[in-house]
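The following explanation is intended to be read beside the sequence and the three-dimensional model. Please keep both in view while reading.

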Amino acid sequence: MSCSDPSSDDTDNNIVFGNNVIGNGEQEFIITNNQTLKKGVYLMKGWCYITDGATLTIEPGTVIKGDHETMAALIVEPGGKLFAEGTATQPIVFTSEKEVGERKPGDWGGLIICGKATNNSDIMQVEGGPRTLHGGSNDADNSGVISYVRVEFAGYPFKKNQEINGVTFGSVGSGTQVDHLQVSYSNDDAFEWFGGTVNCDYLVAYHCWDDDFDVDNGYRGTCNYLLGYRNSRIADSSISHGFECDNNSSNSNAQPNTAPTFNNVTLYGPYSVDSFFENTTQYINGNDLRPDNESLLGLYGAAISLGSNTAVNFLNSTISGYPATITGTPTRQENVVFLDSETPSLPAWTNTWCNFDPQNTVY
Ligand SMILES: [Ca+2]
Ligand SMILES: [Ca+2]
Ligand SMILES: [Ca+2]
Ligand SMILES: [Ca+2]
């Protein structure tokens, strides 16, 4: 819960226009001080940057709808902090502005968190279009708290084939708290980490386009309790994996290597969610979920795809329903069970705060 008094916020950097519009619709709306969004329903327009030294606190139960026209996105820049602390019964929801039944992957941008932790490529330009550079030398860097949050229908392609992810972590440090975070119907990866050391617990990737969990550029955090749940009619032209792990774009031996630890993972691939599934371009047609934005469809690959020079650890996990199990070699693989298919069931920890039917939910 936020205890701050909104009347103490500076008004010379007001971020709410009218009753409920966040941002001014431009691609460089900057937040430069400490702001609190009271519980409510807001429409976010344009690219809203939380700049170095600024904080944005969002109260539990708040709904932020991303504007389609202006490709709305919320970007935490290195040194900025986002405090999005929902609760199990009052999560914070980022979703599409479109009417129920008309929402599709890629309706708005997404949530991008950037920090000053190390990666294996020095200072990096964040993927997808926004101005932000990330990376530094502080692996304990703190970008705030993201807890009990959902991100739905994100992934607008700013340029052809340059979508942003539902949630992007760029060089985010271990001082950041991330737990109970669901990404549904992203038009790209659900989660992608570029370097950094942030640890994450209780992540859900639901019906997303590309990979459920994508790690690059020396990401080295530990993630406990992950659920990946596919839609059999959606896969990306880059091949959809449960985990897509690369050291960098060429998989050269840049240091530090990509070396996360994933513990207690449950993946339900396309054969688990659909007994009729065929891994063909005829079958993977997007159904009525295909957005009008040139997003390309593709096929499913392995549950776990490991590029050269990665050092990934998988522990205590059950992975089902993918055309192949694993390509490449993990550093550690302990108590990981692969099944051809398994009837999905939702873990108890997804109760109340998750939503597995956001297309039919009125916000
Ligand atoms: Ca991506
Ligand atoms: Ca990807
Ligand atoms: Ca990637
Ligand atoms: Ca992929």
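This is a predicted model: local features need pLDDT of at least 70, side-chain atom pairs count only at pLDDT 80 or more; totals for chains, interfaces and linings use all residues.

Residues are numbered from 1 along each chain as its sequence is written, and chains are lettered from A and ligands numbered from 1 in the order in which they are written. The pLDDT, which is the predictor's confidence in each residue on a scale from 0 to 100, averages 95 over the protein chain, and 96% of the residues score at least 70. Over residues 1–11, however, pLDDT stays under 50, and the model has 12 contacts beyond four places in sequence for this stretch. Two residues are in contact if their C-beta atoms, placed from the backbone, lie within 7 Å.

The secondary structure of the protein chain consists of one helix and 29 strands. Helices (H or I, at least four residues) and strands (E, at least two) are DSSP runs, numbered from the N terminus. The protein chain is as compact as a globular protein of its length, because its radius of gyration of 19 Å is close to the 21 Å that the globule rule gives for 363 residues. The radius is taken over C-alpha atoms, and the globule rule is 2.2 Å times the number of residues to the power 0.38. Along the principal axes, the C-alpha atoms fill a box of roughly 55 × 45 × 40 Å. Of the contacts in the protein chain with a separation of 6 or more, 68% are accounted for by residues 24 or more positions apart. Of the 363 residues, 55% count as buried. A residue is buried if 20 or more other C-beta atoms lie within 10 Å of its own, exposed if 12 or fewer, and partly exposed in between, with C-beta atoms placed from the backbone.

Ten strands form an open sheet with parallel pairing, in the order 3-6-9-12-18-20-22-24-26-28. Its edge strands are strand 3 and strand 28 (324–327), each of which pairs on one side only. Neighbouring strands of this sheet are turned by 10 degrees against each other on average, direction ignored; the axes are lines fitted to C-alpha atoms, for helices over the stretch in contact, and angles run from 0 to 180 degrees between N-to-C directions. Two strands pair if DSSP finds at least two bridges between them. Strand 3 (residues 29–31) pairs with strand 6 over three bridges in the parallel sense, and Ile 30 stands opposite Tyr 49 in strand 6. Strand 6 also pairs in the parallel sense with strand 9 (residues 73–76), over four bridges, where Ile 50 has Val 76 as its bridge partner. Further along the order, strand 12 (residues 110–114) and strand 18 (residues 167–170) are joined in the parallel sense by four bridges, with Ile 113 opposite Phe 169.

In a regular strand the side chains alternate between the two faces of the sheet. In strand 6 (residues 47–50), Trp 47 and Tyr 49 point one way, Cys 48 and Ile 50 point the other way, and all are buried.

A nonpolar core is a set of buried Ala, Val, Leu, Ile, Met, Phe, Trp, Tyr and Cys residues joined through C-beta atoms within 7 Å. Of the 90 residues in the largest such core, Ile 75, Ile 112, Leu 203 and Ala 205 touch the most other members. Strand 21 (residues 200–206) contributes the largest share of this core, six residues. Leaving aside neighbours within four places in sequence, Ala 205 is in contact with residues including Val 183, Phe 191, Phe 213 and Tyr 229.

Cys 200 is found in strand 21 and is buried because it has 26 C-beta neighbours inside 10 Å. Not counting residues up to four places away in sequence, Cys 200 touches Val 178, Asp 179, Gly 221 and Cys 223. From Cys 200 to Tyr 225 the C-alpha distance is 8.7 Å, although they are 25 residues apart in sequence.

Most residues other than glycine have a negative phi, and most peptide bonds are trans. Tyr 225, in strand 23 (residues 222–229), has a positive phi of about 65 degrees. Ile 239, in the loop between strand 23 and strand 24, has a positive phi near 80 degrees. Tyr 225 counts as partly exposed, with 19 C-beta neighbours inside 10 Å, and Ile 239 is partly exposed with 16 other C-beta atoms within 10 Å. The peptide bond from Gln 255 to Pro 256 is cis, with omega near -10 degrees; Pro 256 is found in the loop between strand 24 (243–245) and strand 25 (261–268).
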